[in-house]
Amino acid sequence: MTVNSSQGLASQKSAGRARLLSPAQRRQIRKFLLALAYLSPSLLIFLAFVFIPLVRSFILSTQLTDPLGRSVAFVGLTQYQRLWANPQFLNSLQRTLLFVIYTVPTTLVAALGLALLGNLRLRNISLFRMIFSLTIAVSAATASLIFLYLFHPALGMFNYLLSLLGLQSVPWLTDVRTALPSVALVTVWLQLGLNTVILLAGMQGIPEELYESAMIDGASGGAKFLHITLPLLSPTIFFLLVVDLLAAFQAFTQFHVLTKGGPINSTNVLVFSIYREFYFNGQYAYAAAQSIVLFAIMLIVTIVQFGVIERRVVYE
Amino acid sequence: MSTGISQNRTSQSRNQGTRRRWRPLLRDSLLYLLLTLVAVIVIFPLWSALTISLLDDQQVASYPPLLAPTSLQLTNFVRALEQAPLLRYLFNSIVQSSLVMLGQLVTASLAAYAFAFIDFKGRNVMFLVFLSTLMIPWEATIIPNYLTVRSLGWTDSYMGLTIPFVATAFGTFLLRQFFRTIPGELQDAATIDGCGSLRFLTAIVLPLARPALGTLAVYSFLQTYNQYLWPLLITNDQQMRTVQIGITLLQDEERFAFNTVMAGVVLVLLPTFILFIVGNRQLIRGLTAGAVKG
(Lines give C-alpha, C1' and ligand atoms only; values in the text may rest on other atoms or scores of the structure.)
Protein backbone atom coordinates (compact mmCIF):
# COMPACT_ATOMS: atom_id res chain seq x y z
CA MET A 1 0.00 0.00 0.00
CA THR A 2 2.53 2.59 1.12
CA VAL A 3 4.77 1.53 -1.69
CA ASN A 4 2.11 2.11 -4.33
CA SER A 5 1.15 5.52 -3.03
CA SER A 6 4.72 6.76 -2.79
CA GLN A 7 5.35 5.43 -6.26
CA GLY A 8 2.48 7.64 -7.37
CA LEU A 9 3.95 10.51 -5.43
CA ALA A 10 7.29 9.96 -7.08
CA SER A 11 5.88 10.10 -10.59
CA GLN A 12 3.87 13.22 -9.73
CA LYS A 13 6.91 14.98 -8.41
CA SER A 14 9.04 14.07 -11.36
CA ALA A 15 6.22 15.09 -13.73
CA GLY A 16 6.28 18.56 -12.15
CA ARG A 17 9.97 18.86 -12.77
CA ALA A 18 9.79 17.24 -16.19
CA ARG A 19 11.10 20.21 -18.09
CA LEU A 20 14.07 20.78 -15.76
CA LEU A 21 15.38 17.24 -15.62
CA SER A 22 16.61 14.89 -18.27
CA PRO A 23 14.82 11.52 -18.59
CA ALA A 24 17.83 9.77 -17.07
CA GLN A 25 17.76 12.04 -14.03
CA ARG A 26 14.04 11.53 -13.66
CA ARG A 27 14.51 7.79 -13.73
CA GLN A 28 17.19 8.07 -11.06
CA ILE A 29 14.99 10.11 -8.74
CA ARG A 30 12.13 7.69 -9.23
CA LYS A 31 14.37 4.77 -8.41
CA PHE A 32 15.66 6.50 -5.30
CA LEU A 33 12.17 7.27 -4.02
CA LEU A 34 11.05 3.74 -4.78
CA ALA A 35 14.01 2.32 -2.86
CA LEU A 36 13.34 4.70 0.01
CA ALA A 37 9.76 3.48 0.17
CA TYR A 38 10.94 -0.11 0.46
CA LEU A 39 13.54 0.78 3.08
CA SER A 40 11.32 3.11 5.10
CA PRO A 41 9.71 0.56 7.46
CA SER A 42 13.14 -0.64 8.60
CA LEU A 43 14.60 2.87 8.62
CA LEU A 44 11.80 4.20 10.80
CA ILE A 45 12.31 1.49 13.39
CA PHE A 46 16.09 1.95 13.35
CA LEU A 47 15.67 5.67 13.71
CA ALA A 48 13.25 5.39 16.61
CA PHE A 49 14.93 2.58 18.54
CA VAL A 50 18.61 2.64 17.54
CA PHE A 51 19.94 5.93 16.19
CA ILE A 52 17.93 8.51 18.14
CA PRO A 53 18.27 6.53 21.41
CA LEU A 54 22.04 6.32 20.92
CA VAL A 55 22.20 10.10 20.62
CA ARG A 56 19.85 10.45 23.57
CA SER A 57 22.03 8.09 25.62
CA PHE A 58 24.96 10.36 24.98
CA ILE A 59 22.98 13.52 25.80
CA LEU A 60 21.57 11.86 28.92
CA SER A 61 25.10 11.07 30.07
CA THR A 62 25.90 14.81 30.13
CA GLN A 63 22.92 15.64 32.33
CA LEU A 64 21.88 15.50 35.91
CA THR A 65 18.63 13.50 36.16
CA ASP A 66 15.89 13.16 38.74
CA PRO A 67 14.74 9.70 39.91
CA LEU A 68 12.21 9.52 37.04
CA GLY A 69 14.89 9.99 34.42
CA ARG A 70 14.09 13.64 33.59
CA SER A 71 17.01 15.96 32.92
CA VAL A 72 17.55 18.62 35.57
CA ALA A 73 20.79 20.26 34.52
CA PHE A 74 23.64 20.04 32.04
CA VAL A 75 26.79 18.88 33.76
CA GLY A 76 29.11 18.15 30.85
CA LEU A 77 31.43 15.23 31.42
CA THR A 78 30.93 15.14 35.18
CA GLN A 79 29.25 11.74 35.02
CA TYR A 80 32.28 10.30 33.24
CA GLN A 81 34.58 11.83 35.84
CA ARG A 82 32.43 10.21 38.50
CA LEU A 83 32.86 6.86 36.71
CA TRP A 84 36.64 7.00 36.62
CA ALA A 85 36.76 8.03 40.25
CA ASN A 86 34.49 5.20 41.34
CA PRO A 87 36.26 1.97 42.32
CA GLN A 88 32.99 0.08 41.83
CA PHE A 89 32.87 1.04 38.16
CA LEU A 90 36.53 0.14 37.66
CA ASN A 91 35.74 -3.17 39.32
CA SER A 92 32.87 -3.67 36.83
CA LEU A 93 35.22 -3.02 33.94
CA GLN A 94 37.75 -5.47 35.28
CA ARG A 95 35.09 -8.12 35.91
CA THR A 96 33.74 -7.70 32.38
CA LEU A 97 37.19 -8.12 30.83
CA LEU A 98 37.91 -11.15 32.99
CA PHE A 99 34.60 -12.67 31.96
CA VAL A 100 35.46 -12.14 28.29
CA ILE A 101 38.88 -13.74 28.82
CA TYR A 102 37.35 -16.71 30.63
CA THR A 103 34.62 -17.38 28.09
CA VAL A 104 35.71 -16.51 24.55
CA PRO A 105 38.89 -18.60 24.08
CA THR A 106 37.40 -21.52 26.03
CA THR A 107 34.28 -21.54 23.89
CA LEU A 108 36.26 -21.41 20.65
CA VAL A 109 38.67 -24.18 21.61
CA ALA A 110 35.94 -26.45 23.00
CA ALA A 111 33.73 -25.89 19.97
CA LEU A 112 36.66 -26.59 17.65
CA GLY A 113 37.12 -29.92 19.44
CA LEU A 114 33.43 -30.75 19.14
CA ALA A 115 33.38 -29.78 15.47
CA LEU A 116 36.42 -31.96 14.71
CA LEU A 117 34.67 -34.89 16.40
CA GLY A 118 31.42 -34.14 14.59
CA ASN A 119 33.26 -34.00 11.28
CA LEU A 120 34.48 -37.62 11.54
CA ARG A 121 33.35 -40.03 8.86
CA LEU A 122 31.39 -42.46 11.00
CA ARG A 123 27.96 -43.97 10.92
CA ASN A 124 25.30 -42.11 12.97
CA ILE A 125 27.60 -39.12 13.25
CA SER A 126 24.65 -36.82 12.55
CA LEU A 127 23.17 -37.86 15.90
CA PHE A 128 26.32 -36.62 17.66
CA ARG A 129 26.34 -33.45 15.59
CA MET A 130 22.81 -32.78 16.76
CA ILE A 131 23.74 -33.30 20.41
CA PHE A 132 26.75 -31.01 20.05
CA SER A 133 24.58 -28.23 18.61
CA LEU A 134 21.69 -28.74 21.03
CA THR A 135 22.41 -25.69 23.20
CA ILE A 136 21.38 -23.42 20.31
CA ALA A 137 17.83 -24.09 21.45
CA VAL A 138 18.53 -23.33 25.13
CA SER A 139 17.89 -19.85 26.51
CA ALA A 140 20.26 -18.17 28.94
CA ALA A 141 17.50 -18.06 31.57
CA THR A 142 16.75 -21.80 31.50
CA ALA A 143 20.45 -22.71 31.32
CA SER A 144 21.09 -20.56 34.37
CA LEU A 145 18.27 -22.22 36.31
CA ILE A 146 19.62 -25.67 35.48
CA PHE A 147 23.13 -24.72 36.57
CA LEU A 148 21.74 -23.10 39.70
CA TYR A 149 20.77 -26.61 40.74
CA LEU A 150 24.01 -28.19 39.51
CA PHE A 151 25.98 -25.59 41.52
CA HIS A 152 23.88 -26.05 44.68
CA PRO A 153 26.36 -26.26 47.58
CA ALA A 154 24.63 -29.09 49.47
CA LEU A 155 22.32 -30.91 47.08
CA GLY A 156 23.99 -30.02 43.77
CA MET A 157 25.22 -32.53 41.26
CA PHE A 158 28.64 -30.97 40.65
CA ASN A 159 29.84 -31.24 44.23
CA TYR A 160 28.46 -34.76 44.43
CA LEU A 161 30.41 -35.76 41.30
CA LEU A 162 33.53 -34.14 42.76
CA SER A 163 33.08 -36.13 45.96
CA LEU A 164 32.82 -39.34 43.89
CA LEU A 165 36.22 -38.48 42.44
CA GLY A 166 37.52 -37.88 45.94
CA LEU A 167 37.84 -34.15 45.38
CA GLN A 168 36.94 -31.30 47.70
CA SER A 169 33.67 -29.52 47.08
CA VAL A 170 33.80 -26.13 45.37
CA PRO A 171 31.82 -23.11 46.65
CA TRP A 172 30.86 -22.24 43.01
CA LEU A 173 28.56 -19.19 43.12
CA THR A 174 29.03 -18.30 46.77
CA ASP A 175 32.73 -17.45 46.81
CA VAL A 176 34.34 -14.29 45.45
CA ARG A 177 37.01 -16.31 43.67
CA THR A 178 34.81 -18.94 42.04
CA ALA A 179 31.61 -17.04 41.21
CA LEU A 180 32.80 -15.44 37.96
CA PRO A 181 34.42 -18.63 36.60
CA SER A 182 31.19 -20.48 37.45
CA VAL A 183 29.07 -18.04 35.47
CA ALA A 184 31.64 -18.32 32.68
CA LEU A 185 31.19 -22.09 32.68
CA VAL A 186 27.43 -21.71 32.09
CA THR A 187 28.15 -19.24 29.31
CA VAL A 188 30.64 -21.50 27.55
CA TRP A 189 28.18 -24.39 27.64
CA LEU A 190 25.45 -22.11 26.31
CA GLN A 191 27.56 -20.81 23.41
CA LEU A 192 28.95 -24.22 22.43
CA GLY A 193 26.01 -25.14 20.21
CA LEU A 194 26.14 -22.14 17.91
CA ASN A 195 29.95 -22.20 17.70
CA THR A 196 30.06 -25.90 16.89
CA VAL A 197 27.37 -25.64 14.24
CA ILE A 198 29.11 -22.81 12.43
CA LEU A 199 32.54 -24.46 12.66
CA LEU A 200 31.09 -27.73 11.34
CA ALA A 201 29.59 -25.94 8.39
CA GLY A 202 32.94 -24.26 7.79
CA MET A 203 34.74 -27.60 7.87
CA GLN A 204 32.31 -29.09 5.42
CA GLY A 205 33.09 -26.25 3.05
CA ILE A 206 36.77 -27.27 2.84
CA PRO A 207 37.35 -29.12 -0.45
CA GLU A 208 37.90 -32.84 0.03
CA GLU A 209 40.69 -32.93 -2.60
CA LEU A 210 42.97 -30.96 -0.27
CA TYR A 211 42.83 -33.72 2.34
CA GLU A 212 43.23 -36.39 -0.31
CA SER A 213 46.37 -34.85 -1.73
CA ALA A 214 47.71 -34.33 1.80
CA MET A 215 47.10 -38.00 2.48
CA ILE A 216 49.02 -38.96 -0.67
CA ASP A 217 51.87 -36.82 0.61
CA GLY A 218 51.72 -38.79 3.84
CA ALA A 219 50.62 -35.91 6.08
CA SER A 220 49.63 -36.86 9.62
CA GLY A 221 46.28 -35.96 11.15
CA GLY A 222 47.89 -33.18 13.15
CA ALA A 223 49.61 -31.74 10.09
CA LYS A 224 46.37 -31.80 8.13
CA PHE A 225 44.65 -29.92 10.95
CA LEU A 226 47.40 -27.31 11.23
CA HIS A 227 48.02 -26.75 7.54
CA ILE A 228 44.62 -27.28 5.94
CA THR A 229 41.74 -27.18 8.42
CA LEU A 230 42.87 -24.30 10.60
CA PRO A 231 43.92 -21.85 7.83
CA LEU A 232 40.86 -22.54 5.71
CA LEU A 233 38.67 -22.25 8.77
CA SER A 234 40.13 -18.89 9.78
CA PRO A 235 37.32 -16.75 8.27
CA THR A 236 34.79 -18.83 10.22
CA ILE A 237 36.82 -18.60 13.42
CA PHE A 238 37.17 -14.86 12.92
CA PHE A 239 33.42 -14.50 12.47
CA LEU A 240 32.82 -16.48 15.68
CA LEU A 241 35.41 -14.44 17.53
CA VAL A 242 33.43 -11.29 16.73
CA VAL A 243 30.13 -12.91 17.67
CA ASP A 244 31.45 -14.41 20.92
CA LEU A 245 33.23 -11.25 22.03
CA LEU A 246 30.16 -9.11 21.53
CA ALA A 247 28.00 -11.70 23.29
CA ALA A 248 30.39 -11.83 26.26
CA PHE A 249 30.41 -8.04 26.65
CA GLN A 250 26.62 -8.01 26.54
CA ALA A 251 25.95 -10.96 28.87
CA PHE A 252 23.31 -10.18 31.46
CA THR A 253 20.79 -12.98 31.99
CA GLN A 254 23.25 -15.44 33.59
CA PHE A 255 24.32 -12.80 36.09
CA HIS A 256 20.76 -11.77 36.91
CA VAL A 257 19.60 -15.33 37.54
CA LEU A 258 22.72 -16.81 39.14
CA THR A 259 24.50 -14.14 41.18
CA LYS A 260 22.76 -10.75 41.00
CA GLY A 261 26.24 -9.22 40.76
CA GLY A 262 27.50 -10.78 43.99
CA PRO A 263 29.14 -12.01 46.09
CA ILE A 264 30.67 -8.63 47.00
CA ASN A 265 30.35 -7.33 43.40
CA SER A 266 32.61 -10.07 42.08
CA THR A 267 30.20 -10.68 39.18
CA ASN A 268 28.97 -7.10 38.80
CA VAL A 269 29.78 -6.85 35.08
CA LEU A 270 29.11 -3.71 33.07
CA VAL A 271 25.64 -4.55 31.73
CA PHE A 272 24.51 -5.68 35.16
CA SER A 273 25.85 -2.46 36.64
CA ILE A 274 23.95 -0.39 34.03
CA TYR A 275 20.76 -2.27 34.86
CA ARG A 276 21.19 -1.81 38.59
CA GLU A 277 22.08 1.88 38.42
CA PHE A 278 19.15 3.00 36.32
CA TYR A 279 16.46 0.47 37.17
CA PHE A 280 16.97 0.22 40.90
CA ASN A 281 18.95 3.27 41.91
CA GLY A 282 17.25 5.66 39.46
CA GLN A 283 20.68 6.98 38.40
CA TYR A 284 19.70 7.44 34.76
CA ALA A 285 22.48 9.79 33.68
CA TYR A 286 25.17 7.84 35.51
CA ALA A 287 23.96 4.58 33.94
CA ALA A 288 23.78 6.24 30.52
CA ALA A 289 27.45 7.21 30.86
CA GLN A 290 28.25 3.56 31.58
CA SER A 291 26.30 2.44 28.53
CA ILE A 292 28.26 4.88 26.36
CA VAL A 293 31.48 3.42 27.76
CA LEU A 294 30.19 -0.06 26.85
CA PHE A 295 29.40 1.17 23.34
CA ALA A 296 32.89 2.67 22.99
CA ILE A 297 34.58 -0.52 24.17
CA MET A 298 32.59 -2.67 21.75
CA LEU A 299 33.28 -0.25 18.91
CA ILE A 300 37.01 -0.35 19.61
CA VAL A 301 37.00 -4.13 19.85
CA THR A 302 35.20 -4.43 16.52
CA ILE A 303 37.48 -1.94 14.78
CA VAL A 304 40.61 -3.63 16.16
CA GLN A 305 39.34 -6.98 15.04
CA PHE A 306 38.57 -5.89 11.52
CA GLY A 307 41.74 -3.81 11.25
CA VAL A 308 44.30 -6.13 12.79
CA ILE A 309 43.11 -9.68 13.03
CA GLU A 310 41.21 -9.89 9.80
CA ARG A 311 44.41 -9.24 7.82
CA ARG A 312 45.78 -12.51 9.09
CA VAL A 313 42.67 -14.39 8.03
CA VAL A 314 43.00 -16.49 4.90
CA TYR A 315 40.20 -16.01 2.44
CA GLU A 316 39.96 -18.25 -0.56
CA MET B 1 61.60 -36.31 1.04
CA SER B 2 59.57 -38.19 -1.52
CA THR B 3 61.66 -41.35 -1.20
CA GLY B 4 61.21 -41.30 2.53
CA ILE B 5 57.48 -41.18 2.13
CA SER B 6 57.38 -43.99 -0.42
CA GLN B 7 59.54 -46.15 1.86
CA ASN B 8 57.15 -45.41 4.62
CA ARG B 9 54.28 -46.52 2.47
CA THR B 10 55.85 -49.81 1.46
CA SER B 11 56.45 -50.71 5.07
CA GLN B 12 52.88 -49.76 5.79
CA SER B 13 51.48 -51.98 3.03
CA ARG B 14 53.55 -54.91 4.30
CA ASN B 15 51.71 -54.78 7.59
CA GLN B 16 48.36 -54.04 6.10
CA GLY B 17 47.39 -57.68 5.57
CA THR B 18 47.13 -58.35 9.27
CA ARG B 19 46.06 -54.87 10.31
CA ARG B 20 43.31 -54.38 7.79
CA ARG B 21 40.82 -56.53 9.60
CA TRP B 22 40.93 -55.29 13.19
CA ARG B 23 42.50 -51.84 12.99
CA PRO B 24 39.58 -49.80 11.56
CA LEU B 25 37.23 -51.56 13.93
CA LEU B 26 39.35 -50.68 16.95
CA ARG B 27 39.81 -47.14 15.73
CA ASP B 28 36.07 -46.66 15.21
CA SER B 29 35.21 -48.15 18.60
CA LEU B 30 37.62 -45.81 20.33
CA LEU B 31 36.21 -42.85 18.42
CA TYR B 32 32.65 -43.82 19.32
CA LEU B 33 33.70 -44.10 22.94
CA LEU B 34 35.18 -40.61 22.80
CA LEU B 35 32.14 -39.22 20.98
CA THR B 36 29.79 -40.75 23.53
CA LEU B 37 31.81 -39.43 26.45
CA VAL B 38 31.81 -35.90 25.04
CA ALA B 39 28.12 -36.12 24.14
CA VAL B 40 27.29 -37.19 27.71
CA ILE B 41 29.18 -34.19 29.10
CA VAL B 42 27.45 -31.76 26.73
CA ILE B 43 23.99 -33.15 27.35
CA PHE B 44 24.46 -33.68 31.10
CA PRO B 45 22.85 -30.39 32.27
CA LEU B 46 19.77 -31.04 30.14
CA TRP B 47 19.58 -34.63 31.36
CA SER B 48 19.77 -33.40 34.95
CA ALA B 49 16.91 -30.96 34.34
CA LEU B 50 14.75 -33.72 32.92
CA THR B 51 15.64 -36.06 35.78
CA ILE B 52 14.82 -33.53 38.49
CA SER B 53 11.54 -32.62 36.84
CA LEU B 54 10.47 -36.25 37.35
CA LEU B 55 11.50 -36.59 41.01
CA ASP B 56 9.07 -36.39 43.92
CA ASP B 57 9.50 -33.90 46.75
CA GLN B 58 11.43 -36.30 48.96
CA GLN B 59 13.78 -37.48 46.26
CA VAL B 60 14.72 -33.97 45.20
CA ALA B 61 15.79 -33.03 48.73
CA SER B 62 17.80 -36.19 49.33
CA TYR B 63 21.54 -36.72 49.13
CA PRO B 64 23.24 -38.10 47.09
CA PRO B 65 21.31 -36.65 44.14
CA LEU B 66 19.76 -39.15 41.75
CA LEU B 67 21.32 -39.49 38.31
CA ALA B 68 18.14 -40.77 36.66
CA PRO B 69 14.42 -40.68 37.46
CA THR B 70 12.85 -43.67 39.16
CA SER B 71 9.36 -43.21 37.80
CA LEU B 72 7.54 -41.27 35.15
CA GLN B 73 5.23 -39.19 37.29
CA LEU B 74 4.09 -35.84 35.94
CA THR B 75 3.00 -34.24 39.24
CA ASN B 76 5.59 -31.48 38.95
CA PHE B 77 4.43 -30.49 35.49
CA VAL B 78 0.85 -30.26 36.66
CA ARG B 79 1.99 -28.21 39.64
CA ALA B 80 4.09 -25.86 37.50
CA LEU B 81 1.14 -25.27 35.19
CA GLU B 82 -1.52 -24.93 37.89
CA GLN B 83 0.21 -23.01 40.66
CA ALA B 84 2.13 -20.61 38.47
CA PRO B 85 0.66 -18.82 35.45
CA LEU B 86 3.13 -20.65 33.21
CA LEU B 87 0.61 -21.12 30.41
CA ARG B 88 -0.07 -17.40 30.37
CA TYR B 89 3.69 -16.71 30.21
CA LEU B 90 4.05 -19.20 27.37
CA PHE B 91 1.16 -17.59 25.52
CA ASN B 92 2.72 -14.12 25.89
CA SER B 93 6.08 -15.31 24.64
CA ILE B 94 4.61 -17.10 21.65
CA VAL B 95 2.51 -14.06 20.70
CA GLN B 96 5.53 -11.77 21.09
CA SER B 97 7.86 -14.04 19.13
CA SER B 98 5.34 -14.63 16.33
CA LEU B 99 4.64 -10.92 15.94
CA VAL B 100 8.34 -10.01 15.87
CA MET B 101 8.98 -12.83 13.41
CA LEU B 102 6.22 -11.65 11.05
CA GLY B 103 7.28 -8.03 11.37
CA GLN B 104 10.90 -8.87 10.63
CA LEU B 105 9.95 -10.99 7.63
CA VAL B 106 7.98 -8.09 6.15
CA THR B 107 10.44 -5.26 6.84
CA ALA B 108 13.49 -7.33 5.89
CA SER B 109 11.90 -8.57 2.65
CA LEU B 110 11.07 -5.02 1.62
CA ALA B 111 14.52 -3.66 2.50
CA ALA B 112 16.34 -6.60 0.95
CA TYR B 113 14.35 -6.08 -2.23
CA ALA B 114 15.55 -2.49 -2.46
CA PHE B 115 19.17 -3.55 -1.92
CA ALA B 116 19.04 -6.45 -4.36
CA PHE B 117 16.86 -5.22 -7.21
CA ILE B 118 16.81 -1.43 -7.24
CA ASP B 119 19.93 0.25 -8.56
CA PHE B 120 19.60 3.56 -6.73
CA LYS B 121 22.00 6.31 -5.82
CA GLY B 122 23.09 6.14 -2.20
CA ARG B 123 22.72 2.39 -1.98
CA ASN B 124 26.13 1.98 -0.35
CA VAL B 125 25.37 4.69 2.19
CA MET B 126 22.07 3.02 3.07
CA PHE B 127 23.86 -0.27 3.36
CA LEU B 128 26.27 1.25 5.87
CA VAL B 129 23.35 2.71 7.81
CA PHE B 130 21.88 -0.78 8.13
CA LEU B 131 25.27 -2.29 8.95
CA SER B 132 25.91 0.23 11.71
CA THR B 133 22.86 -0.97 13.64
CA LEU B 134 24.72 -4.24 14.14
CA MET B 135 27.58 -2.36 15.79
CA ILE B 136 25.37 -0.55 18.30
CA PRO B 137 24.72 -2.80 21.27
CA TRP B 138 21.13 -2.86 22.49
CA GLU B 139 22.43 -2.07 25.98
CA ALA B 140 23.83 1.28 24.80
CA THR B 141 20.34 2.45 23.87
CA ILE B 142 18.31 0.66 26.49
CA ILE B 143 17.78 3.59 28.87
CA PRO B 144 16.30 5.99 26.27
CA ASN B 145 14.29 3.10 24.80
CA TYR B 146 12.92 2.30 28.22
CA LEU B 147 12.02 5.98 28.74
CA THR B 148 10.36 6.12 25.29
CA VAL B 149 8.30 3.00 25.83
CA ARG B 150 7.30 4.18 29.28
CA SER B 151 6.22 7.60 28.03
CA LEU B 152 4.19 5.99 25.23
CA GLY B 153 2.40 3.88 27.83
CA TRP B 154 3.68 0.73 26.16
CA THR B 155 4.90 -0.99 29.32
CA ASP B 156 3.05 -4.23 30.01
CA SER B 157 1.87 -4.40 26.39
CA TYR B 158 2.62 -6.38 23.26
CA MET B 159 3.45 -3.08 21.56
CA GLY B 160 6.39 -2.52 23.89
CA LEU B 161 7.48 -6.13 23.56
CA THR B 162 7.44 -6.17 19.77
CA ILE B 163 7.71 -2.80 17.99
CA PRO B 164 11.37 -2.07 18.89
CA PHE B 165 12.40 -5.37 17.28
CA VAL B 166 10.45 -5.49 14.02
CA ALA B 167 13.40 -4.35 11.91
CA THR B 168 16.53 -6.40 11.42
CA ALA B 169 19.75 -5.59 9.61
CA PHE B 170 20.93 -9.16 9.97
CA GLY B 171 17.74 -10.49 8.37
CA THR B 172 17.93 -7.90 5.61
CA PHE B 173 21.47 -9.00 4.71
CA LEU B 174 20.47 -12.65 4.86
CA LEU B 175 17.59 -12.11 2.44
CA ARG B 176 19.58 -9.80 0.19
CA GLN B 177 22.24 -12.47 -0.27
CA PHE B 178 19.54 -14.87 -1.35
CA PHE B 179 17.67 -12.38 -3.54
CA ARG B 180 20.87 -11.70 -5.45
CA THR B 181 20.95 -15.28 -6.67
CA ILE B 182 17.67 -14.65 -8.50
CA PRO B 183 18.55 -13.86 -12.12
CA GLY B 184 18.01 -10.29 -13.26
CA GLU B 185 16.32 -11.48 -16.48
CA LEU B 186 13.40 -12.59 -14.33
CA GLN B 187 12.92 -9.00 -13.24
CA ASP B 188 13.17 -7.72 -16.82
CA ALA B 189 10.62 -10.26 -17.99
CA ALA B 190 8.28 -9.32 -15.17
CA THR B 191 8.59 -5.62 -15.99
CA ILE B 192 7.81 -6.28 -19.67
CA ASP B 193 4.73 -8.24 -18.58
CA GLY B 194 3.59 -5.11 -16.76
CA CYS B 195 4.35 -6.53 -13.37
CA GLY B 196 4.90 -3.78 -10.75
CA SER B 197 7.81 -4.02 -8.35
CA LEU B 198 5.66 -5.02 -5.37
CA ARG B 199 3.92 -7.69 -7.49
CA PHE B 200 7.30 -8.97 -8.60
CA LEU B 201 8.43 -9.18 -4.98
CA THR B 202 5.36 -11.00 -3.67
CA ALA B 203 4.60 -13.22 -6.67
CA ILE B 204 8.08 -14.21 -7.81
CA VAL B 205 10.89 -13.28 -5.41
CA LEU B 206 9.36 -14.34 -2.09
CA PRO B 207 8.22 -17.80 -3.23
CA LEU B 208 11.71 -18.43 -4.61
CA ALA B 209 13.28 -17.20 -1.37
CA ARG B 210 11.32 -19.55 0.86
CA PRO B 211 14.47 -21.26 2.29
CA ALA B 212 15.98 -17.93 3.33
CA LEU B 213 12.67 -16.73 4.75
CA GLY B 214 12.48 -19.98 6.72
CA THR B 215 15.93 -19.40 8.16
CA LEU B 216 15.05 -15.87 9.21
CA ALA B 217 11.73 -17.02 10.68
CA VAL B 218 13.34 -19.67 12.87
CA TYR B 219 16.17 -17.36 13.88
CA SER B 220 14.00 -14.40 14.85
CA PHE B 221 11.50 -16.58 16.71
CA LEU B 222 14.29 -18.18 18.77
CA GLN B 223 15.94 -14.83 19.47
CA THR B 224 12.72 -13.22 20.65
CA TYR B 225 11.48 -16.19 22.63
CA ASN B 226 14.78 -16.24 24.54
CA GLN B 227 14.86 -12.48 25.28
CA TYR B 228 15.40 -11.57 28.89
CA LEU B 229 16.57 -8.06 29.75
CA TRP B 230 14.00 -6.07 27.77
CA PRO B 231 10.89 -7.95 28.97
CA LEU B 232 12.33 -7.80 32.48
CA LEU B 233 12.40 -4.00 32.26
CA ILE B 234 9.06 -3.31 30.65
CA THR B 235 6.73 -5.91 32.14
CA ASN B 236 5.59 -5.85 35.74
CA ASP B 237 2.08 -7.16 35.41
CA GLN B 238 1.98 -10.92 35.87
CA GLN B 239 -0.45 -11.15 32.97
CA MET B 240 2.15 -9.68 30.61
CA ARG B 241 5.30 -11.44 31.80
CA THR B 242 7.11 -13.50 29.20
CA VAL B 243 8.14 -17.04 29.86
CA GLN B 244 11.88 -16.51 30.44
CA ILE B 245 11.13 -14.00 33.21
CA GLY B 246 8.23 -16.07 34.54
CA ILE B 247 10.35 -19.16 34.92
CA THR B 248 13.01 -17.37 36.95
CA LEU B 249 10.29 -15.93 39.19
CA LEU B 250 9.26 -19.50 39.92
CA GLN B 251 12.77 -20.05 41.29
CA ASP B 252 12.52 -16.99 43.56
CA GLU B 253 9.36 -18.27 45.19
CA GLU B 254 10.18 -20.32 48.25
CA ARG B 255 7.20 -22.63 47.90
CA PHE B 256 8.53 -24.24 44.73
CA ALA B 257 11.17 -26.91 45.07
CA PHE B 258 13.72 -27.62 42.35
CA ASN B 259 11.56 -30.37 40.84
CA THR B 260 8.73 -27.95 40.05
CA VAL B 261 11.12 -25.31 38.72
CA MET B 262 12.79 -27.89 36.47
CA ALA B 263 9.42 -29.10 35.22
CA GLY B 264 8.81 -25.48 34.26
CA VAL B 265 12.22 -25.30 32.59
CA VAL B 266 11.44 -28.42 30.55
CA LEU B 267 8.10 -26.93 29.48
CA VAL B 268 9.78 -23.65 28.50
CA LEU B 269 12.43 -25.49 26.49
CA LEU B 270 9.86 -27.61 24.66
CA PRO B 271 8.85 -25.10 21.93
CA THR B 272 12.44 -24.22 21.07
CA PHE B 273 13.48 -27.87 20.97
CA ILE B 274 10.63 -28.66 18.59
CA LEU B 275 11.69 -25.69 16.48
CA PHE B 276 15.30 -26.89 16.65
CA ILE B 277 14.40 -30.37 15.45
CA VAL B 278 12.09 -29.13 12.70
CA GLY B 279 14.08 -26.13 11.55
CA ASN B 280 17.62 -27.15 12.48
CA ARG B 281 18.90 -27.92 9.00
CA GLN B 282 17.21 -24.86 7.56
CA LEU B 283 18.61 -22.59 10.24
CA ILE B 284 22.14 -23.90 9.98
CA ARG B 285 22.27 -23.79 6.20
CA GLY B 286 21.00 -20.23 6.14
CA LEU B 287 23.10 -18.89 9.02
CA THR B 288 26.33 -20.43 7.88
CA ALA B 289 26.03 -19.34 4.25
CA GLY B 290 27.10 -15.84 5.24
CA ALA B 291 29.52 -16.81 7.99
CA VAL B 292 31.52 -19.32 6.00
CA LYS B 293 31.92 -17.12 2.98
CA GLY B 294 33.24 -14.47 5.36
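**Entry 1: the A–B contact**

I looked up the contact between the chains: chain A puts in 76 residues and chain B 70. Two residues are in contact if their C-beta atoms, placed from the backbone, lie within 7 Å. I then listed what chain B brings to the side that touches chain A. Helices supplying at least two residues each include α1 (2-53), α4 (86-117) and α14 (258-293) of chain B. α1(B) gives the most, with 15 residues. I sorted that side of chain B by type: 50 nonpolar, 16 polar and four charged. Helices here are DSSP runs (H or I, at least four residues), numbered from the N terminus.

**Entry 2: what I am reading**

This is a predicted model; local features need pLDDT of at least 70, side-chain atom pairs count only at pLDDT 80 or more, and totals for chains, interfaces and linings use all residues. Residues are numbered from 1 along each chain as its sequence is written, with chains lettered from A and ligands numbered from 1 in the order in which they are written.

**Entry 3: Arg129(A)**

I found Arg129(A) in helix α5 (residues 125-132) of chain A. Is Arg129(A) buried or exposed? Arg129(A) is buried, because 23 other C-beta atoms lie within 10 Å (buried means 20 or more, exposed 12 or fewer, partly exposed in between; C-beta atoms are placed from the backbone). Leaving aside neighbours within four places in sequence, Arg129(A) touches Gly118(A) and Leu200(A). I also checked Leu117(A): it is twelve residues from Arg129(A) in sequence and 8.5 Å away in space, C-alpha to C-alpha.

Terms used
Ala, Val, Leu, Ile, Met, Phe, Trp, Tyr, Cys and Pro count as nonpolar, Asp, Glu, Lys and Arg as charged, and the others, Gly among them, as polar.
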